[in-house]
Amino acid sequence: MTTSNNIPLPDHSVTHPHGRASGTTVFVLHGAFGAKEYWRAQIDCLVRHGHRVVAWDAPGYGLSPLPADFGIDRCAQSLAALLRHQSGERNVVMGHSMGGMIAQRAWAHAPELIHGYVLSATSAAFGQADGDWQREFVRQRVAPLDAGRSIPDYAPEMLRSMMAPGAGGPVVDLLIATVSLMREDTFRAAVGAIAGYEGRQLLAGMNVPALCVAGELDRTAPAVVMQKMAAKMPQARFLELKGLGHFGWAEDPDRFNAALLDFLSSSGFGLPPQAPGAVA
């Protein structure tokens, strides 16, 4: 399906709440390494607490073709199209890593449809694409491909290097399995897009409740960087998850999900009070 501005509607799933509905739709955006399937634990948690969940595959992910103009803004335009197509009474956009960058950039395209944010292990800027740190970031991630290794071959070690030592469990296994299915062209395009992102100019205008979540041990999106980002957003709060790395939602899903639910309920996105005598 193509929208009125010729932006294809991204592949996505919709999961409806179990029992009473909160009226909140949570849009969940995976990172550069992933796809919508790895959010299973978060989707299950959210729908059990009354929230509707829309999980997307970003352009170029899952079964969707990689756009020739792939980039953070191009993905943000696709997210805006999805928000218009699947908007609920209240919409919270939850993005991890690159997904957090896309979520922020979507504010430039559909601010009227975004009522809250959950930003996980992300940044408002990655600096100049031709900077030394940025070039090294790209080199480290694509060098194994250049050397002839496949994504299923080296993704496990790359992903585990971004986690806390000894991280494991079924959600970590699902993350690794999902990333191992990625296409090489998408992988390369996503790494390049991240390295050139700049979105700090948007932060001051994002005047909606926001939760910025960082892992204490994350070297890719350091907690100190996310704390500074949160300080520039009018209604943001910052949370550091002690002992966790870049994939806190997979390394300790129970702790991440508890923080997510607390933010939603305390920010007006939770279930409304039940009338006395009403049946749940």
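Is Ser97 buried or exposed? I looked that up first. Ser97 is buried, at 14% relative accessible area; buried means under 20%, exposed over 50%, and partly exposed in between, with a 1.4 Å probe and protein chains only.

**Ground rules.** This is a predicted model, where local features need pLDDT of at least 70, side-chain atom pairs count only at pLDDT 80 or more, and totals for chains, interfaces and linings use all residues. Residues are numbered from 1 along each chain as its sequence is written, and side-chain values use heavy atoms, with hydrogens and water left out.

**Positive phi.** I stayed with Ser97 and checked its backbone. Its phi is positive, near 55 degrees, and Ser97 is not a glycine. Ser97 sits in the loop between strand 4 and helix 3. For my notes, helices (H or I, at least four residues) and strands (E, at least two) are DSSP runs, numbered from the N terminus. I then found Ala121, another non-glycine with a positive phi, about 45 degrees. Ala121 belongs to the loop between strand 5 and helix 4 (132-146). Ala121 counts as buried because its relative accessible area is 3%.

Seven of them form an open sheet in the order 1-3-2-4-5-6-7, with mixed pairing; two strands pair if DSSP finds at least two bridges between them. Strand 1 (12-15) and strand 7 (236-241) are the edges, each pairing on one side only. Neighbouring strands here are turned by 15 degrees against each other on average, direction ignored. I zoomed in on strand 2 (residues 24-29) and strand 3 (residues 52-56), which run parallel and are joined by four bridges. Val28 has Ala55 in strand 3 as its bridge partner.

**Helices on the sheet.** Which strands does helix 1 lie across? I got strand 1, strand 2, strand 3 and strand 4 (90-96) for helix 1 (residues 40-48), which runs at about 160 degrees to strand 3. Helix 3 (residues 98-105) lies across strand 2, strand 3, strand 4 and strand 5 (116-120), at about 140 degrees to strand 4. Axes are lines fitted to C-alpha atoms, for helices over the stretch in contact, and angles run from 0 to 180 degrees between N-to-C directions. Contact means heavy atoms within 4.5 Å.

**Helix 5 against helix 6.** The axes of helix 5 (residues 151-161) and helix 6 (residues 170-179) come within 9 Å and cross at roughly 140 degrees. That makes helix 5 oblique to helix 6; under 35 degrees is roughly parallel, over 145 roughly antiparallel, 65 to 115 roughly perpendicular, and the rest oblique. I noted the residues that meet: among them are Leu159 of helix 5 and Leu175 of helix 6.

**Salt bridges.** How many salt bridges does a search of the whole structure find? I got 14, a salt bridge being a side-chain nitrogen of Lys or Arg within 4 Å of a carboxyl oxygen of Asp or Glu. Arg188 and Glu184 make one at 3.0 Å, N to O. Both lie in helix 7 (residues 184-195), four residues apart, about one turn of the helix. Arg188 is partly exposed at 31%, and Glu184 is partly exposed at 39%. Arg183 and Asp185 form another, at 3.6 Å, N to O. I also logged Lys242 with Glu240 at 2.5 Å, N to O. Last entry: Lys36, Glu37 and Asp57 are linked in a network of salt bridges.
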